[in-house]
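Q: Please show me how to read a structure, one feature at a time. Where do we start?

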Amino acid sequence: MPIKNIVLVHGAWGDGSHWRRVIPQLDAKGYRVTAVQNPLTSLADDVDRTSRLVAAQDGATLLVGHSYGGAVITGAGHAPHAIGLVYIAAFAPDEGDSLGSIFGRREPPPGAANIRPDNDGFLWIQREKFRESFCPDLDATEALVMAVAQKPIAGRCFEDKSGPPAWKSKPSWYQVSLQDRMIPPETQQWMAERIKPKKTISLAASHASLASHADEVTALIDEAARSL
């Protein structure tokens, strides 16, 4: 196998457990899988945490980012051992972009109306609106667990500007979620076209494609790893 290390990077309102349906499949294929637990306190903090984890791997490593995790791997992809990037319904910013500036390109997605700040500047998805916003293609029990266990993200993460993007120097892959209510599918397609990935796949999935379409997401990650 050309590459054995895979680092999975979660997005906003989640943690490493969002990869729970992908991890066993990659493990069964012989990969050494690690899921980062980012603080979601600033883009710099999250890039630093992920970069340290990547640098701690024992060789060539593929980074996979979901949602906001795409912005994280765009920066952390410069870390030692990082040799490729897979974006799963994810942000892929260019230098100087913020998530807010990318969102500002078109009308806000439906899920944005259900985000609320707390007194400490962290953003939450309203619990009773979580399933319809984030994961309408998951069953009620799994959606409830995601909603109850959601990890909020600091509002500043949507204002922080991205640095030089690793996708300009590292090969990339992209998965578009066509029924996404958190990042508009058109925005995902635009980002995918901009980074010129080796392959783009589109799934009839919600934002939580890593859970609802784990087989297809795993296949894309495996294909990327085997090509490196």
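A: At 3% relative accessibility, Phe91 counts as buried, because buried means under 20% relative accessible area, exposed over 50% and partly exposed in between (1.4 Å probe, protein chains only). The model is a predicted one: local features need pLDDT of at least 70, side-chain atom pairs count only at pLDDT 80 or more, and totals for chains, interfaces and linings use all residues. Residues are numbered from 1 along each chain as its sequence is written, and side-chain values use heavy atoms, with hydrogens and water left out.

Q: Which angle separates the ring planes of Phe91 and Phe103, and what is such a pair called?

A: A pair of aromatic rings is described by the distance of the centres and the angle of the planes. Rings of Phe, Tyr and Trp (its six-membered ring) pair if their centres lie within 6.5 Å; planes under 30 degrees apart count as stacked, over 60 as edge-to-face and the rest as tilted. By this rule there are 5 aromatic pairs. For Phe91 and Phe103 the centres are 5.3 Å apart and the planes stand at 80°, so the pair is edge-to-face. Phe91 is in the loop between β4 and α4, while Phe103 is in helix α4, 12 residues apart. Helices (H or I, at least four residues) and strands (E, at least two) are DSSP runs, numbered from the N terminus. Phe103 is partly exposed, with a relative accessible area of 23%.

Q: How far apart are the ring centres of Trp13 and Phe158?

A: Their centres are 6.3 Å apart and their planes at 35°, so this pair is tilted. Trp13 lies in the loop between β1 and α1 and Phe158 in the loop between β7 and β8, so the pair ties together parts 145 residues apart in sequence. Both Trp13 and Phe158 are buried. Ring pairs link Trp13, Phe91, Phe103 and Phe158 into a cluster.

Q: How many residues does the largest nonpolar core have?

A: In soluble globular proteins, nonpolar side chains tend to be buried together. A nonpolar core is a set of buried Ala, Val, Leu, Ile, Met, Phe, Trp, Tyr and Cys residues joined through side-chain atoms within 4.5 Å. Here the largest has 70 residues, and Trp13 and Tyr68 have the most contacts inside it. Helix α9 (residues 214–227) gives the most to this core, with 6 residues.

Q: Why is helix α3 described as largely enclosed?

A: Of its 8 residues (69–76), 7 are buried, so the rest of the structure largely encloses α3. Among the buried ones are Gly69, Val72 and Ile73. The buried residues of α3 pack against β1, α2, β3, β4 and α4, where contact means heavy atoms within 4.5 Å.

Q: Is Asp97 buried or exposed?

A: Asp97 is buried, with a relative accessible area of 16%. Its side chain makes a polar contact of 2.9 Å with that of Arg194. A polar contact is a pair of N or O atoms within 3.5 Å; within protein, one must be able to donate a hydrogen and the other to accept it, and residues adjacent in sequence count only if both atoms are side-chain atoms.

Q: What is the strand order in the open sheet of 3 strands?

A: Strands of a sheet pair through backbone hydrogen bonds, either parallel or antiparallel. Two strands pair if DSSP finds at least two bridges between them. In this open sheet the order is β5-β6-β7, with antiparallel pairing. β5 and β7 stand at the edges with a single partner strand each, so one side of each is left without a neighbour in the sheet. Strand β6 (residues 122–125) is joined to β7 by 2 bridges.
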